[in-house]
Amino acid sequence: MNQKLEDLLQLALLTPEEIRVQTEELNVGFHTENRTWELIVKYHGSLDMLEALGVDVEYLIAGYAVLTVPEQLVDRVAELEEIEYVEKPKRYFYEAEMPTDNSCIAQVTLREPNLSGAGVLVAVLDSGIDYKLSEFRHPDGSTRIRFLWDQTLRPDAQAQLPPVRRPPDGYRMGVEFDSARINQALAASTEQEQFQLLPSVDASGHGTAVAGIAAGSTSVYQGVAPEAELLIVKLGLPDAASFPRTTEIMRAVTYAIQKAIELQMPLVINLSFGNTYGAHDGSSLIERFLDNAAEIGRTVICVGAGNEGNSAGHLSGSLLQENPTGGGDGVPSRVGPVARPASVELAVAEYERTLNVQLWKNYCDTYRIFLRSPGGQETQLPAMIDGGKYTLRLEQTEIMVYFGNPAPYAVAEEIYFEMLPIGQTYINSGVWTIRIEPLQVVTGRYYFYLPSAVVRASGTGFYRSTPEVTLTIPSTAAKVISVGAYDSTYEAYADFSGRGYADANRTIGVVAAGLAKPDLAAPGVGVIAPDIYGGYTPMTGTSFATPIVSGSCALLMEWGIVRGNDVFLYGEKVKAYLRAGARALRGEYEYPNSRVGWGGLCAAGSLPQ
């Protein structure tokens with residue numbers, strides 16, 4: 001096994017394509033038509049030599065690149081000394097009061113210092129935007145969008161008569177439109193002409209709502225930073241059914257930072273999506289990439305904590321239990337905790353076509369694992385090995401098990417289960433049980449994760465699930481501002497909001513060093529946002545709490561950088577100011593905590609007095 005390849009990629013390469021396509025994750029990144037893998041690499045030096053092998057190299061920032069590699073060359077490429085680590089892409093899922101209410105925003109926008117976000121670039125990386133809406137125009141009708149990159153459009157193969165559709169310089173996918181092209185489309189006399197000039201559409205309305213909350217502006221609606229300039233990236237692939245993947249996000253972040261440097265503007269990046277695959281400890285390449293990106297230019301990155309808090313998709317615990325105080329005749333039998341087996345019960349709803357389960361543990365611990373089906377069939381997994389695939393069958397369900405290894409950038413060990421139907425359309429429904437027995441125990445901890453609630457039935461989840469550490473990746477990155485949600489009607493935490501790190505016993509990853517997430521919370525229930533039909537709709541989710549914080553960051557950066565009050569007000573300094581200004585919320589007694597971090601957003605309190 002090549003230790004430079006992540007576990008999920010190792011399993012994908014060991015699994016035939018006809019099996020991979022049945023799963024939710026294993027085939028993501030594979031292009032059937034040309035038999036290539038799109039891969040994310042951390043590297044040093046130069047990768048130009050790969051061009052001679054037929055490998056397409058797309059350089060990003062901070063030592064990251066996206067490679068398109070023929071399937072038969074993956075191992076050979078990974079063996080190069082310049083390649084430090086390789087991951088496959090993952091899919092990411094989009095996670096609604098007026099946005100300026102209840103966050104101390106009016107106190108700094110409607111009176112001195114009358115902040116508006118002017119001079120700050122807000123990048124919304126999402127499902128696109130309805131650029132025609134008045135919320136995204138100046139009073140004279142011209143656009144406030146500096147650039148719009150639609151990654152889902154196909155560029156012209158060669159130069160043609162205008163309008164020519166090209167990707168941004170240095171990129172190979174999608175089409176870029178500048179403000180001149182957008183204004184030309186706005187001035188078109190017919191919808192057909194308008195679409196021909198600018199065929200980008202926000203089909204879901206998610207990105208339009210997010211951009212409106214962060215920076216929309218009309219006489220009847222005000223986003224948080226109504227005079228900020230916008231940079232929009234519509235994430236994804238030409239396939240309309242596709243979710244955005246890691247690679248599209250990393251390209252978009254690189255693009256936004258490059259544009260901000262080119263325009264010499266401070267930058268706020270809004271990411272309102274997440275994924276549940278990973279150790280949730282900051283060790284994946286997307287998390288590390290965002291930590292690096294946050295240190296380039298005058299940049300702040302805001303990420304939603306996700307909506308997995310009450311989805312029953314996570315369970316954690318310990319095999320070490322406190323020993324009873326006494327043995328026979330009142331004599332203590334033993335001092336300290338004792339290792340005992342644990343049974344994890346997983347409800348699988350009817351009509352699940354496939355399901356994967358992640359088990360993350362400390363490499364120092366050795367467990368014996370048993371799996372029991374709803375019909376009572378049980379099997380013991382083979383002795384835990386250092387990297388390898390094992391396949392078993394229980395009832396009409398095949399289970400592929402992959403035993404991973406710690407990676408060069410991560411100490412956690414993963415055991416990955418992929419469940420597929422045999423001779424029928426769906427896997428067996430009912431209660432599945434995973435029994436863990438201690439063999440050699442140091443920490444005794446275990447952490448289970450299911451796929452995002454978006455792609456599993458509402459009845460599928462863990463009994464006795466654990467709401468802690470349910471924030472989604474990449475809000476787990478250390479240097480982003482991670483945003484949870486609260487319900488402003490009750491001034492209380494919204495139970496769907498992904499929770500962070502309050503587990504003092506957690507023994508894997510960077511969280512063991514005391515990092516606290518989320519950073520703060522913002523209103524995320526019934527937030528009024530512009531929709532793609534020309535009206536306004538209440539939106540709920542951390543997707544819509546995040547742009548309230550992004551807009552507030554733009555206000556702080558306007559005050560500090562644009563107006564010259566604090567030219568170093570970016571990056572971790574903005575996070576520190578927001579934490580310091582956060583206000584107490586009902587039902588929260590200790591700060592920071594796993595639900596709302598340092599408290600509720602208060603823009604006015606975050607400005608130095």
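Gly309 is located in the loop that links strand 13 (299–304) and strand 14 (314–318); strands here are DSSP E runs of at least two residues, and helices are H or I runs of at least four, numbered from the N terminus. The model is a predicted one, in which local features need pLDDT of at least 70 and side-chain atom pairs count only at pLDDT 80 or more, while totals for chains, interfaces and linings use all residues. Residues are numbered from 1 along each chain as its sequence is written, and side-chain values use heavy atoms, without hydrogens and water.

Gly309 is buried, with a relative accessible area of 10% (buried means under 20%, with a 1.4 Å probe and protein chains only). Beyond its neighbours within four places in sequence, Gly309 contacts Pro467, Thr470, Asp495, Phe496, Ser497 and Gly498, contact meaning heavy atoms within 4.5 Å. Between the C-alpha atoms of Gly309 and Cys553, 244 residues apart along the chain, the separation is 25 Å.

Val549, Cys553, Leu556 and Met557 of helix 10 meet Val574, Tyr577 and Leu578 of helix 11. The residues of this contact comprise seven nonpolar, no polar and no charged (nonpolar covers Ala, Val, Leu, Ile, Met, Phe, Trp, Tyr, Cys and Pro; charged covers Asp, Glu, Lys and Arg; the others, Gly among them, are polar).

The largest nonpolar core has 62 residues, of which Ile481, Val549, Cys553, Val574 and Leu578 touch the most other members. Such a core is a set of buried Ala, Val, Leu, Ile, Met, Phe, Trp, Tyr and Cys residues joined through side-chain atoms within 4.5 Å. Helix 10 supplies its largest share, 11 residues.

Technical notes. Buried means under 20% relative accessible area, exposed over 50%, partly exposed in between (1.4 Å probe, protein chains only).
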